[in-house]
Amino acid sequence: MANRNSGRNPVRWFAVASAGVLVSGVALAGSYADAASAGRPAASDKVFTQDCTGDGASSGYKCGDVTVPLDYVQPKGPKLSIRVSIAKATGKPEDRKGVILFNPGGPGGSGLYWADSFPDSVRKAYDIIGFDPRGVGQSNPISCVDGSTFFAMPAADTQPSSKDDKAAFVKRAKDYADGCGTNSGSEIPYLTTANTAKDIDKIREAIGESKINYYGVSYGTYLGTVYAQLFPDKVNRMLLDSVMNASTANLGYQGNLDQNVAFQNRIDLYFGWIAQYDSVYKLGKTKDDVQAAYTKARKALKDKPVGVVGPDELDTMLLNSGYYDVYWLRNAQAFSDYVNKDDVSGIKSFVTNKYHDPRTADNENSNAVYSAVECADSKWPTKWETWDQDNTDYDMKAPFETWANAWMNLPCAYWNAKSHDPVEITGKDVPGIMLLQGTMDAATPYEGAVQTHKLLPGSRMIVEKGGGSHGLYNESWVNNSCIDKYATNYLLDGTLPDADVTCDAHPLPKPKDTDKAGDTAKSTDTGSTEGDKVSSDSTTLKEIGDKANAAAVANPVGLGSKSVLGGVPANPSKESATRILGHK
């Protein structure tokens, strides 16, 4: 999926691609020791015996480790240690309904500290179980390259203008694949969605639960679907938000091509929105005018990068707007500041933010897991000529993200581990599942969600008509009471509607002090360039930016960012032949 660490990483990795997260440093209501405990299997307390560490940890959590086979074909062979967390139910002991396991997307997103993704009513009823999937974070993390050099900024332009440009990216993809094999080759062959689903069942066994409830976003929806297929009798309720296409024909290569078209549609919508507020942003009065301003800005940054900011960094920031419209104000202002004032500070602060900067160890790890799982989960073309022809064709209709997405995934053509046949989803014996989906979601396109819906005959889909944010449930930047009502009722009492439901879209943001037409703006406050404040008609909360940032990290497409394999450094050294080839 597209993955420029813009949202995943949601936007929700998010996967992709890339959903809500716990605000770093904010303690959950009540401490672990004070939480409800009745009805909880005794085995649970034997697992969660440690204080938690890392970004997002607080007194509201306890942590532990669950041992799983590296290779489920040889269960007595080498083992992995999966880091797990619990935020105990906050309600009365007699009101506890069980556990909800959560995955925020990716693949490659950490899932440890996300309990604040749920409303109070759900938190009172359920223990929230988080985990770092195999290879991620605190669960035997892998690494492919030295991110500080391989992902140096500014990156080279991901939109090639010659055969030599393409050849540089092909070499970069080969170097990245080789780095993964050299640095993490003993673990990478076993980083598959099917194995992670089996790890989930090992977690279920370890904490003594006969069945689990599950909430997944972006790639987390595919992981949940695979778990339900493999272990249908272990599923109680399952909520899938921003749904990946689980069809075996669409996984991997074709799915990324489809995603390029969805991102183009979303960016076109965004540029049209910017044009509505020309009095604020001064980028043009029509979508085509804004597109022309963008094309000119890219060329200028390619000809003369400013510090760490080149054309790829501009794209990385704008791609984030494809994931989350909560960033539309802030990113439009940063875009405008460069075009009208030669000021790159807004772009720079975005791409160097810890959630988006591909050079950090955490983001390099996330990108490595993304590549490992994507490459293992399905078959990819191994001939460059196939990639070249297909992406040249798609670039004609979807130029914004096509090549960056290709570079992000091209290591799969040269992968040093076996690719597997994906799990076939039939929905046999799978209980009723609820799906949430926006019709304009770019990271997980609506048509793919409909296909997954068809594969799960007992499922119901709650559709946000016209909605494009990646990750919908209980998100303060979405705040769709229709979506939230159906999802919360389902989690609390298992209620599925008799038929699919369509909800109106949440309102798009607008600059401060603008009239309905958006053509008499007096001023705009887009908040800090760190996402510390988002100013619109309905919200100005710092935590919104923080949550969206973390969601983006969890979803490289969706799983939210341009590709980590984004580009070759503008001034490559022997140590750094190329920057990340794209973002999810």
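So, how many nonpolar, polar and charged residues are there in the lining of the second largest cavity? By class, that lining has 5 nonpolar, 5 polar and no charged residues. Here Ala, Val, Leu, Ile, Met, Phe, Trp, Tyr, Cys and Pro count as nonpolar, Asp, Glu, Lys and Arg as charged, and the others, Gly among them, as polar.

Quick caveat: this is a predicted model, where local features need pLDDT of at least 70, side-chain atom pairs count only at pLDDT 80 or more, and totals for chains, interfaces and linings use all residues. Residues are numbered from 1 along each chain as its sequence is written, and side-chain values use heavy atoms, with hydrogens and water left out.

Back to that lining: Tyr253, Trp380 and Asn409 are among the residues in it. A cavity, on a 1 Å grid over the protein atoms alone, is a set of points where a 1.4 Å probe fits but cannot get out, and lining residues have an atom within 4 Å of a point.

The largest cavity has 13 lining residues, with Pro107, Pro133, Thr196, Tyr219 and Val373 nearest its centre. That lining splits into 7 nonpolar, 5 polar and 1 charged.

Now, disulfides, meaning cysteine sulfur pairs within 2.5 Å: the count is 4. Cys52 and Cys63 have their sulfurs 2.1 Å apart, and the S-S torsion is about 110 degrees, so this one is right-handed. Cys63 is buried (under 20% relative accessible area; exposed is over 50%, partly exposed in between, 1.4 Å probe, protein chains only), at 0%.

Cys375 joins Cys412 at 2.0 Å, and that link is left-handed, with -85 degrees about the S-S bond.

Key. On a 1 Å grid over the protein atoms alone, a cavity is a set of points where a 1.4 Å probe fits but cannot get out, and a pocket is an open set with protein on both sides within 12 Å along at least five of seven lines; lining residues have an atom within 4 Å of a point.
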